[in-house]
Amino acid sequence: MKCTFIPQFIILVALGLSAGFVHSKLAPVKTTVDAPGNMLDAVKNAPKREPSPGSKPTGAPTKPDVKTPEPVVPDQAVPPPAAITPSAPSNTGTPSPGAAPAAGDETLTPAQRSKGHITLAEAYTLFKSDTAYFIDTRKKSDYEEGHVKDAFGIPLSAFLGKSPKLVDAIDRSSPIVCYCIGGNCDESDEVAKNLNLMGYKNVYIMHAGFPGWKAAGYPIQTGPGIQEAE
Amino acid sequence: MDTPLKIACQSGTSCCGGSCASKTCVLSYLAVPFRFALGGLFLLAAFNKLFVERGPQHFAASVKAFKAIDPDQAPMLFQLAVFGTPWVEIFAGVALILGLWTRAAAGVIAGLLVVFIALIVSVILRDLNTECGCFGKLSPFCGDKVGVCNIVQNIVLLAMALAIANARTQFFALDSILAPIKNHRPAVRG
């Protein structure tokens with residue numbers, strides 16, 4: 001009996017690992033952020049954004065609690081429609097290269113592009129398309145002080161080993177724009193990685209973050225909004 | 001009236017070797033429900049990790065959150081952990097239920113449980129706020145967050161696995177059907 005234990009043990013483990021290896025080759029899980037698809041296609045193919053997802057966590061308000069008077073958007077801050085017109089298509093897997101310059105002449109490096117970073121103008125284009133979901137990855141207090149209008153408040157901690165209920169309500173094909181405080185903050189990148197891991201294909205990171213969005217005069221709101229229940 | 005235990009002890013294939021009240025014989029009987037419970041539980045866990053919608057992604061997020069393997073540094077190892085662990089659970093679980101290679105299967109599950117306990121302890125010590133992912137999206141025994149409850153749960157399961165591995169005779173098992181055949185195979189004479 002004893003002399004068969006070790007060979008049988010090894011065979012069982014080897015069989016399991018072999019099957020796991022084959023399975024991982026057939027349907028691997030994503031571990032890195034893919035360069036997001038063409039923003040134009042993403043907007044075209046995505047369903048219209050619902051203002052309040054059906055499966056909200058307990059305690060989440062049905063409607064965002066808008067405390068500030070809504071649009072603060074001056075007309076001149078709206079990027080030209082060239083950003084989403086078919087005249088600037090891209091099949092390279094990055095957001096439209098012909099997109100209009102961002103508010104404040106924001107430019108992004110190819111490395112940032114490959115990670116899914118987009119400019120403020122592109123983010124606003126997605127916002128206006130009414131198909132994109134914005135995710136504020138900052139902490140609760142920052143979110144409540146002010147966030148992109150209708151953005152979900154889902155901090156990075158909500159992704160640690162679980163899938164946030166608010167994210168579950170988002171269609172896989174919908175464009176998602178994550179943001180934090182802009183510049184070198186990691187939260188939005190990490191949340192984007194997690195979303196990619198969960199199967200979302202059109203995940204973007206608003207490089208300028210909330211400070212840039214606010215400075216450009218784009219729509220914001222304050223208050224509890226729609227946040228992931230803790 | 002002869003009890004099943006006594007009959008088993010008196011039979012030629014019994015493990016009890018004459019001491020019918022011995023602990024090892026009781027263990028052999030206890031091992032039967034333990035085998036089905038543990039095998040079923042590990043099959044359920046593996047099924048939830050691999051075959052429910054977004055199961056692998058959810059388990060991958062748990063593995064990532066444990067911060068034991070960095071998917072950026074060791075992508076192959078990460079994929080193997082995400083897919084290999086549930087498949088090992090499947091093979092060991094099926095073997096336990098069938099009673100085939102029972103001691104080895106119990107040994108594999110005990111090994112997995114020791115690794116799980118070590119990982120959970122490290123998560124608690126590092127104060128990581130994460131879900132277990134032990135049963136995919138389900139948390140049948142403990143809450144969502146990894147905690148002491150998960151350690152207790154795994155220690156109970158480990159005790160069951162060790163009981164199975166230490167049972168000398170496996171009742172209702174393919175091992176006990178195949179063993180006499182092997183033992184009575186006629187010797188090949190040259």
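Predicted model: local features only at pLDDT ≥ 70, side-chain atom pairs only at ≥ 80, totals over all residues.
Q: Let's start with chain A. How many helices and strands does chain A have?

A: Chain A has 8 helices and 8 strands. Of its 230 residues, 41% are buried. If you take the contacts in chain A with a separation of 6 or more, 76% of them come from residues 24 or more positions apart.

Q: In which order do the strands of the open sheet in chain A lie?

A: Strands of a sheet pair through backbone hydrogen bonds, either parallel or antiparallel. In chain A, 6 strands form an open sheet in the order 1-6-5-2-4-8, and the pairing is parallel. Its edges are strand 1 (117–118) and strand 8 (226–227) of chain A, each of which pairs on one side only.

Q: Which strands pair with strand 5 of chain A?

A: Strand 2 of chain A runs parallel to strand 5 of chain A, and 4 bridges join the two. Here you can find I135(A) opposite C178(A). Strand 6 of chain A also pairs with strand 5 in the parallel sense, over 3 bridges. In that pairing I176(A) stands opposite V203(A), and V177(A) has Y204(A) as its bridge partner.

Q: Are the faces of strand 5 of chain A covered or open?

A: In a regular strand the side chains alternate between the two faces of the sheet. For strand 5 of chain A, both faces are covered. I176(A) and C178(A) are buried on one side, while V177(A) and Y179(A) are buried on the other.

Q: Which helix makes a β-α-β unit with strand 5 and strand 6 of chain A?

A: That is helix 7 of chain A, and the unit is right-handed. This helix lies across strand 2, strand 5 and strand 6 of chain A, running at about 175 degrees to strand 6.

Q: How many residues of helix 7 of chain A are buried?

A: An α-helix has 3.6 residues a turn, so residues three or four places apart point the same way. In helix 7 of chain A (residues 187–197), 9 of the 11 residues are buried. Among them are V191(A), L195(A) and L197(A). The buried residues pack against strand 2 (133–136), helix 6 (165–168), strand 5 (176–179) and strand 6 (203–206) of chain A, and also against helix 3 of chain B.

Q: Which part of chain B supplies the largest share of the side that touches chain A?

A: Begin with the whole interface: 34 residues of chain B are in contact with 26 residues of chain A. Helix 3 (55–66), helix 4 (75–98) and helix 5 (102–125) of chain B each supply at least two residues of that side of chain B. The largest share, 13 residues, comes from helix 4 of chain B. By class, the side of chain B that touches chain A has 20 nonpolar, 9 polar and 5 charged residues.

Q: Where do I find a positive phi in a residue that is not a glycine?

A: Most residues other than glycine have a negative phi, and most peptide bonds are trans. D150(A) has a positive phi of about 70 degrees, and lies in the loop between strand 3 (147–148) and strand 4 (152–153) of chain A. D150(A) counts as partly exposed because 19 C-beta neighbours lie inside 10 Å. In chain B, F172(B) has a positive phi near 50 degrees. F172(B) sits in the loop between helix 6 (148–166) and helix 7 (174–183) of chain B. With 13 other C-beta atoms within 10 Å, F172(B) is partly exposed.

How values were computed: Residues numbered from 1 in each chain as written. Chains lettered and ligands numbered in written order. Contact = placed C-beta atoms within 7 Å. Nonpolar A, V, L, I, M, F, W, Y, C, P; charged D, E, K, R; others polar. Buried ≥ 20, exposed ≤ 12 C-beta atoms within 10 Å, placed from the backbone. Pairing = 2+ DSSP bridges. Right-handed = clockwise from strand over helix to strand, strands pointing away. Axes fitted to C-alpha atoms, helices over the stretch in contact; angles between N-to-C directions.
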